[in-house]
Each structure stands twice: as C-alpha cells, then as structure tokens.
Amino acid sequence: MTAQSPSKSTNPIIRFLSMNTSGEVAGRDLPLWKQLLLQVLTLFIAAEVLFPIMYIITMSFSSKTTRPSALELFPKEISFVAYQQVLDRPTANPVTFLELLRNSFLLSVGVGLVALLVAVSAAYAFSRFKFRMRQVMMVLVFVPLLMPAIGLSTPLYLLMNSFRIADCGNGVTAISPFMACAQGLGKVTFNLRDSLLGVGVAMIAGALPFAVWNLKGYLDTIPKELEEAAMIDGADANQIFWQIVLPLAVPQLAVTFFLGFIGHWQEFALPWLFLTQPKDYTLAMTLYNMTGQYASSIPWNRFAAMAIIVALPVAIIYIALQKQIVSGLTAGSVKG
Amino acid sequence: MATTTLEISKSAGMARIKKAILPYVYLLPAFVVMSVITFYPLIYQVIISFTDFQTKDLLKQLASPNLNYIGVKNYVDIVTGGLPVQNFEFFRVLTYNIWWAVTNVLVHVPAGVLIAVLLNTQGLWGKKIYRALYVLPVVIPPIVVGTVWKNIFDEQYGAMNQFLTAVVHLFGTADPVRIRWLTEYTPPIPWLLPNGPLTLAYYAMMIANFWLGWPFMTLVATGALQSIPKDLYEAASIDGASGSQQFWNITVPLLRPAMIPAAMYGFTMSFNLFNFVFFMSGGGPARSTEILVTFAYDLVRNLRLYGAAAAFSVIVFFVALIVFLVTNRITRATEAYTEA
C-alpha cells in the first residue's frame, strides 16, 4: 500500500487526465441501464461546460456585425473577418494590436523575470539557513501575500506619481521629487505612474512575495544530501547555491515564471488605474473596453475574437504545464 | 599545509562572521525591493489614511498645503456610511462579501465531489473525453469568463435569455424572455440575505462562477478519490452496505482532508475575486454585488478619494488577515481530526 499510495500533494490535473482505467476488476461492469443513466448525466455536464465556449467560438467565426438575435452554438460559417478586424484595429483608440500585444508581453514577462531574479536567493536563504531573524523576516515576506493586490494600489499610485521629469524651459530639466522647476511646474515629459515601467514596478510588489513563497516551498522538497556531499568536498554556501541548488531548481523557476505570467497576463486593476495613454494599453484593458459602457460601437463577433485571443496564451501554458502548475499552486496555498 | 594556530582561529572567526551574515546577503535583494515597493507604501498608506488626501494634493503629496490631518475620520466615515458615495454601507458590503464567498464554496465543493465520484465510476464509457472537457474552465482566464458571461446575461441579445426563449417556445409561448439579469434591482427572494438586496445579478454571477469554480474542486476530489483503497468498498459491499452508505461512510470522511484545504482556498479566492466581479457586473446594479476589493478600487480609480481609499485598504487588510487566520485554523483543526 505504501509503495503506490499517491500522497495528497501529488498534482490532480495530470492524474485526472491520465488515470489508469484499464485495471478494473472484471465482472464488475455497469449494468446497461445504469451506464445510460450516467451517460445522460455526464453528457449534460459536458454541455454545461461547453455552452459558453461554443457560444463564443461560434460568435468569433461569424461575419455578422449585428448582435445575435437567436442562440447559436455551432458555427454556420467559418469566417475570419472578426479576427482580421481585431488584428487590424482592435478599438477606436489609436493603438495597434501589435502594440497591445507587446505591452501585455512586456509587462507579463518583465515582471515575471524580475520577480524571479530577486526572489530566488531569498527563497534559498529561507529554505536552507538558520538565522536569528528568520521567523520575523518570513512573516514580513508573507504578510503582503495576505493583502489583496488592490489594497496597495493607492500608495503605489501616489508614489509612482511623484516621480516625474519636467521640462522647465530654457533647457532645464527637473526630476521630482528631488528637484522642482524654479517657476511653476514646467512641462511634464515623463510620469513614472503613467508608464509601463511604473505599472511593472508596482506589479512586482505582488509578484515578489508569491515567487519567494513558491520557490521556498519547492527548495524545501529538494533533499539536502547533495549539498551535504558538496560541503564535505569543500564547497562553500555560495558554490552550493550557484552550482547545485540553482540548476536543480530550474524546472521550478520556469513553473513559477509561467504561473506568474498567467496572473500578469490578466492583470487589469493596476494598468487600468495607472495608464492614461492608449499607446500603453494592454490586451486585458482592451477586452474590458469592448464590454460595458464603451461597447456600444463594437460588434460582438469582434469582442468574441478578442476574448479568444486573450484566453489563448493562458490556455496553452496551462495545458503544456498542467502537471507542474497544479502542484505548484497547491504547494503555495496549502503551505500558506 | 603549515599554518599557525593563530591564523586558524582568525580564519575560523572570519568564517563564523561570514556564515552569520550570509543569510542576510541572500535576503538583501528581495528586502531592498520590498522596502521600496511594499513596506514603504504600506506605511505611506497608513499615514495618508489619516488625511483628506484628494486630487488637488497629488502634486505635492504630503507637503501639500491643502492637506489636512483628520485623525480617524476616514475610518469612522467608512463604518458609519459618511463617505460621499451613493449606495455604500460598509457592513452590507462586508456581509454580502462573506455571503458571496460562502455560497460559492457551498455549491462548488459538493458539485465538484459528486462529479468526481461520477467520473470515477468503474466501467463508465468515455471517461478520458469527459475529463479533458471538464478541465476546460480551469484554463480560461477569469477576465475572459467574466466578459463572456456578461454578454451571455445581456437583456436583449444575451444567450441566456435566448436559451430561455427557446425553452418557453417548446411550451407554446411566443413571447421572448427578457430578464434584466444584470440591471434589475428588485431582489427575487427578499428574505434570503436580510442585510441587503440579493439582486438577480448575484444569481447570474453565481451561475457564471459555478461554471468557473466546480472543475477545480473536481480535480482535487479526483486526486483524493484515487488514494482511497478499493478494498474498503469491497469489504463494505460484502457487509451489505448500500451505495449511499458507502458514499457517506467511506468516501466523504476520506475526502475530507483534501477537500477542506481546497474549500478554504476557494473561499479566499472567491472573497477577493476582483477580476471576475469587476468584469462581469462592475459591482452593480447600485453596488449590490460590490465586494470589498472592488469598492476599494472604485474609491481610488473613479472617486479619487485617496485618503478614504487608503483607510479602506487598511480595513481590507485586516479583514483579509482575519479570513486567513480563520481558514488556516479550520484547515489545521481538520488535519488534527484526520490524524486522531
């Protein structure tokens, strides 16, 4: 029993998809009436799951720019007009699809990489060193995780907003909050708050504690024997970190990065609060612009195409990394 | 290697000091970054929560001549409804927020477990296909789910009303169904939550979030089901236990250790479900589906009451802390239960 009993921490998605059903006890087949009854149930659930998916796929393949007058769940035509139009001109704002895509990617990849880079050594310290302030510092890293990300948006907005570069005229440049123009405000040429850089820095506030926690959880599971052996061979802590732990942690670094990516790709609150120039907009912001009060001019087939475009990278990453992602998620949450 | 004792003890001392500061060197990058973008903002947040910070103070911030320290007025205003904001009562929003998270978990977990048990039935045809289909909602970003369901619940063009229209047509009615899912304010079941209106938008969001939520619980439950030894069921059926007896006396108790942490995780996620709520209802109609985080966002994004928003965020922080302590305690307590 011990040899094959799967511990509850092993990830569910992979087992869910690839569970062994061949080893079933012979002679315990379902009676036909029961089989049919259960098939009705499972088909009904499948229909429930597929309903919105088929609805949005059908709509995205439609060339009709009018709003749907009757329910359609199967495409009557396969037209890429809506996709073409979205790629051509996503919204009424003066911003191209490629710019939106670039902004979303810059934010998701940049925030993910920086958080990872800064987090990994801290995770190692928490996982391997015993030191006096360990508990205190772990709480300090952990407490921001409790805080919903929105909870820090006000001070981050105000702080980012205080970093401005202004042109005072006469070739004088002032960088606030350290300098100010002698007279008046000058012409603000750069406001950190109103830039992708500022949004990215603010997003790291949420990404970093998550990365530390996630990596620490993984490093805790790496057996210490290798490091002890290296220590006997005379390696010091730095060599162990760079040459043994870091290479071993590469898969988990990738998982943490992609987990972060999934979150940052959907990040909406901070960009929507910070950014005012359409050239900085992200795909998530554009999707929001296509519904609600701004949506009156946007045909639903274009909205559907956009929804699928936004969903695609996340879905692909999930499916490619389903195994690692679920175990990473549960490790983070249960340990929390 | 010829070294004197002095040199040995000296280098040993150096090594000890090096060893003592090494952890802090490794922690340095993270703490420098967090000091600037987490700890300092947290302190700043507390400071401005005691001020009447508004748009006019943006330029000079704390040095602004117009900025007044008003003590705990922001906090008092939030709790007593003194903010210049329509349709906002703190305790109604808090009650709704808790209700929203609890009811979500209460439908997601049982549904997830039942579907996992259904899928686990021996000899069921097409298991692999069903599994691949059922996992789909987990991989779609909540912002997309929110916007798509918002359109589905559109009064005039939405799929839900069109579906219901098709259903009532079967019964011979010709009128199209026009339920104002996301805009109707009158609560359909007024007594359900006495502290505030549970508008149709709440039910629409429950439906949409049900679609989003149960598959995750099915994933967790399926994993746990696999670890229940099959001979338990065989022994039970030899003893003459019926299917439902086996379910209640074997499946449910043995699933509990996996499902309680999952339920607590689901509760915390639902409690702070910003993206989905913001994209689907925006907190409307008349703030009836507003949760704490969406209201905090509205305070800073649209109302630009920075001082009040900071105070509100401090309150949200303590609510989140209590939620964490409670859910953590429940998880721990049930762990002890299973070991006993």
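Predicted model: local features only at pLDDT ≥ 70, side-chain atom pairs only at ≥ 80, totals over all residues.
**Ground rules.** I number residues from 1 along each chain as its sequence is written, letter chains from A and number ligands from 1 in the order in which they are written. Local features need pLDDT of at least 70, side-chain atom pairs count only at pLDDT 80 or more, totals for chains, interfaces and linings use all residues, and side-chain values use heavy atoms, with hydrogens and water left out.

**Chain A overall.** I looked up 13 helices and three strands in chain A (DSSP runs numbered from the N terminus: helices H or I of at least four residues, strands E of at least two). Of its 336 residues, 51% are buried (under 20% relative accessible area, 1.4 Å probe, protein chains only).

I then turned to strand 1 (residues 164–169) and strand 2 (residues 172–176) of chain A, which pair in the antiparallel sense over five bridges (pairing takes at least two DSSP bridges). Ile165(A) stands opposite Ile175(A) of strand 2. Two residues lie between the strands, and Asn170(A) takes a positive phi near 55°.

**Two helices in chain B.** How do helix 9 and helix 10 of chain B lie to each other, and at what angle do they cross? I found that the axes of helix 9 (residues 230–238) and helix 10 (residues 243–271) come within 10 Å and cross at roughly 160° (axes are lines fitted to C-alpha atoms over the stretch in contact, with angles from 0 to 180 degrees between N-to-C directions). Helix 9 and helix 10 of chain B are therefore roughly antiparallel (over 145 degrees). Among the residues in contact are Leu232(B) and Tyr233(B) of helix 9 and Ile250(B) and Leu254(B) of helix 10 (heavy atoms within 4.5 Å).

How values were computed: Buried < 20%, exposed > 50% of the residue type's maximum accessible area, 1.4 Å probe, protein only. Parallel < 35°, antiparallel > 145°, perpendicular 65-115°, else oblique.
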